[in-house]
Number of protein chains: 2
Amino acid sequence: MSRPQTEEQAVDSEGDSSLHRRDEEGTQSSHRMLGFSDALLSIIATVMILPVTHTEISPEQQFDKSIQKLLATRIAVYLMTFLIVTVAWAAHTRLFQVVGKIDDTLALLNLACMMTITLLPYTFSLMVTFPDVPLGIFLFCVCVIAIGSVQSYVLMVTVIFLPHISKATTWCKDKLMGHRESPAHNVEPFSIDLHAPLSKERVEAFSDGVYAIVATLLILDICEDNVPDPKDVQEKFSGSLVAALGAYGPQFLAYFGSFATVGLLWFAHHSLFLHVRKATQTMGLLNILSLAFVGGLPLAYQQTSAFARQPRDELERVRVSCAIIFFASIFQFAIWTAALLHQTETLQPAVRFGGQEHAFMFAKLALYPCASLLAFAATCLLSRFSTAIFHLMQIAVPFAFLLLRLLVRLTLAALQVLWNLRPEHPQPGQGEPEAQSQLLPAPC
Amino acid sequence: MSRPQTEEQAVDSEGDSSLHRRDEEGTQSSHRMLGFSDALLSIIATVMILPVTHTEISPEQQFDKSIQKLLATRIAVYLMTFLIVTVAWAAHTRLFQVVGKIDDTLALLNLACMMTITLLPYTFSLMVTFPDVPLGIFLFCVCVIAIGSVQSYVLMVTVIFLPHISKATTWCKDKLMGHRESPAHNVEPFSIDLHAPLSKERVEAFSDGVYAIVATLLILDICEDNVPDPKDVQEKFSGSLVAALGAYGPQFLAYFGSFATVGLLWFAHHSLFLHVRKATQTMGLLNILSLAFVGGLPLAYQQTSAFARQPRDELERVRVSCAIIFFASIFQFAIWTAALLHQTETLQPAVRFGGQEHAFMFAKLALYPCASLLAFAATCLLSRFSTAIFHLMQIAVPFAFLLLRLLVRLTLAALQVLWNLRPEHPQPGQGEPEAQSQLLPAPC
């Protein structure tokens, strides 16, 4: 915890202690406002996956060029929106690493800023749908300028000028009403360190928001669309609710698969950031890339189940799903690798090279890349059973996570036994950490 | 901060200090897992508003009995789901007020529990749609039993038995391998205080999640449905994108209105909980009631704009919107009233009777109930201008929030002047707090 702001926030959120610092002008810790902003921004970042997920392709229709083009456009819009919103989020994070305290005006301005950011995805997709009409670009630029000017206004007014203004007003007050209050606030010299690491709490909060909305995106659809109509049940399924629900089977399977994968990727992310001391810019960028692929997961799963009747397309879908899972998890792995490069600054001792949790963390983060790569390879060899392979992976991976600690211990014990059998081992007491660091490939 | 768990969590989230407490079994602070669970649960709680929002009624169709019945059923499903999920959330909160530390198994179990909770809304709406078929009730009960058994398993195993088991295993280890580790953990006596206040942090996190998802529910639809089709623009609007976008005007207005109202209600909630020391059960219940109405806001706004062409229905919609805003805000006000009843325990000195922020907090929380009541009354008198009145309220209230501090100060100053003009005022130094407490009605 190297930044003073974060410590102040943490202390302020503790309740009573904040009272003594809050003066009568109504300044307050920005802790909760940032949490709310993170939740909003993460929802906005992932919202453009919906047009992709809802691209209607009837089973009869061939997966032809026009649909491929439509899908490709929508995926590009999603990825660009994700990056644009995360850039806005990063700027917001930077700003509030400088602005430690907020007042009511600032909270309201922040809300206005959030509302403008919610329009970014819309204007961007307008821009892409109508490349010839300047209105889309115009609206998009207006949004970006509005966001930029609100943020720089906040920076200028509250950080640079406000201390001086408040000093001046206190001085005037004292002159007019007589000196009855405590002496003026200290005006601290202002500085921004652009190379400072991102706030770890906000990286976590933003990631949590993305994982939470992605995990529940499919239930939003299921709750709305998949409750059968009583008339349909009477007519088509002769009153049998079970048969009617059976028709929605693929959607439910997609939901379970999506939720389990997103949940477990969150779990790996959570385990990793538990041992991260601070997040460098590289780690932040890799995290955003990982999240962008996580946002694509519901799409992958839904398309997999929607095309279960067409064997040829199904194979493609399963491969796309595997690829998305692979990229989402390999970027998580890359975060760890990037952290290991500067491990004394970024990681806690337990997960550094030779630490007692190092091998376990390696296994946790390597599980999904390996599983998805294996499934991908298996679909190439056994293309007829691609759905079965994919479902097997979905079922096997959660159990693997449950048994992971046991498996890693068994592997390490086996390696240690092998190591001890060799005659030339130097210090028997340090056998385990050495076995680990030999087990792992060098990350750089 | 009366509970030791919360303090431990707060300290643990600080990073380095947590390392010394985490032993090699992989236990960790549950801080971030709870944040993720809160995000998921708040999304699940609000998800059933979507079938209500998306109830399609074409402008030609009369608002007849069958649609009224459909809407009423869906609203009832939404409210019941909200209550069921919040009860599950409250149980989750209670559980993790006792369970301070988690390990990987617990984190995975929690994910499984979350997935089961996401199915609650679906099974409940199945139960309501098919009241005669026992399958819906059966599935719902299976979900509830599964959630209950996971939670009680966690309680039994990790809280009651785990300390003893871990003591026993440490003892066995010491016997087998020789005493080389630190002495066994202290087994603390176990107790649950069912009347303990809810964790303030989790009430805030859950509320933030609900506000965030409600604020962005409409943008989810807008981004997907309201990007005009290039063909339509060419055919219907002779290539004019502005005219095509103008057709979506009401939806955008609905979005801005909804976002502004939800944002400002969040702002009032945020201001209130900034001064709350701990949340009693009554406050928690009132908060949930307030949130249930907040969840209805997108519905209200969307329906208001969708029926802009039918003057008779429009009046009803505007009134429903005003009523929803009124109930959402009056329950917020009730939280404060409930807090004032036990103000020494629940509130910080600044907002108690006579505190310097008391009048301002009163004004903040009373603004929306008053504005919505006024708008409702105005629609009764001037029923022809109901939409204009409603839009005027939408625009006026954010400005009122911006100028609120000024307005309250002016009012207080005017009252103080009036008070000072009267000859029999006893202590001139305490004139302001007295004027305030006379200004405000007694809350009990």
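Guide: The discussion below moves from confidence to the interface and then to the core. This is a predicted model.

Visitor: What pLDDT does chain A average?

Guide: Chain A averages a pLDDT of 76, and 78% of its residues score at least 70. Across the complex, the predictor gives an ipTM of 0.76 and a pTM of 0.78.

Visitor: Where in chain A does the pLDDT stay under 50?

Guide: One such stretch is residues 1-26 of chain A, for which the model has 55 contacts beyond four places in sequence. Over residues 181-190 of chain A the pLDDT is also below 50, with 13 contacts in the model beyond near neighbours in sequence.

Visitor: How is the size of an interface often given?

Guide: It is often expressed as the accessible area lost when the parts come together. Here, chain A and chain B bury about 8,100 Å² between them, 71% of it on carbon and sulfur atoms. Of the area that chain A buries against chain B, Arg32(A), Phe36(A) and Tyr122(A) supply 10%, more than any other three residues. The contact involves 92 residues from chain A and 93 residues from chain B.

Visitor: How many salt bridges are counted between chain A and chain B?

Guide: The count is two. Arg32(A) forms a salt bridge with Asp208(B) through their side chains, at 2.8 Å from N to O. By class, the side of chain A that touches chain B comprises 55 nonpolar, 19 polar and 18 charged residues.

Visitor: Which residues have the most contacts inside the largest nonpolar core?

Guide: They are Ile117(A), Phe401(A), Ile117(B) and Phe401(B), in a core of 242 residues. Beyond its neighbours within four places in sequence, Phe401(A) is in contact with residues including Leu264(A), Phe267(A) and Leu108(B).

Notes
Residues numbered from 1 in each chain as written. Chains lettered and ligands numbered in written order. Predicted model: local features only at pLDDT ≥ 70, side-chain atom pairs only at ≥ 80, totals over all residues. Heavy atoms only, no water. pLDDT = per-residue confidence, 0-100. Contact = heavy atoms within 4.5 Å. Core = buried A, V, L, I, M, F, W, Y, C linked by side-chain atoms within 4.5 Å. Buried < 20%, exposed > 50% of the residue type's maximum accessible area, 1.4 Å probe, protein only. Buried area = accessible area lost by both parts, 1.4 Å probe. Salt bridge = Lys/Arg side-chain N within 4 Å of Asp/Glu carboxyl O. Nonpolar A, V, L, I, M, F, W, Y, C, P; charged D, E, K, R; others polar.
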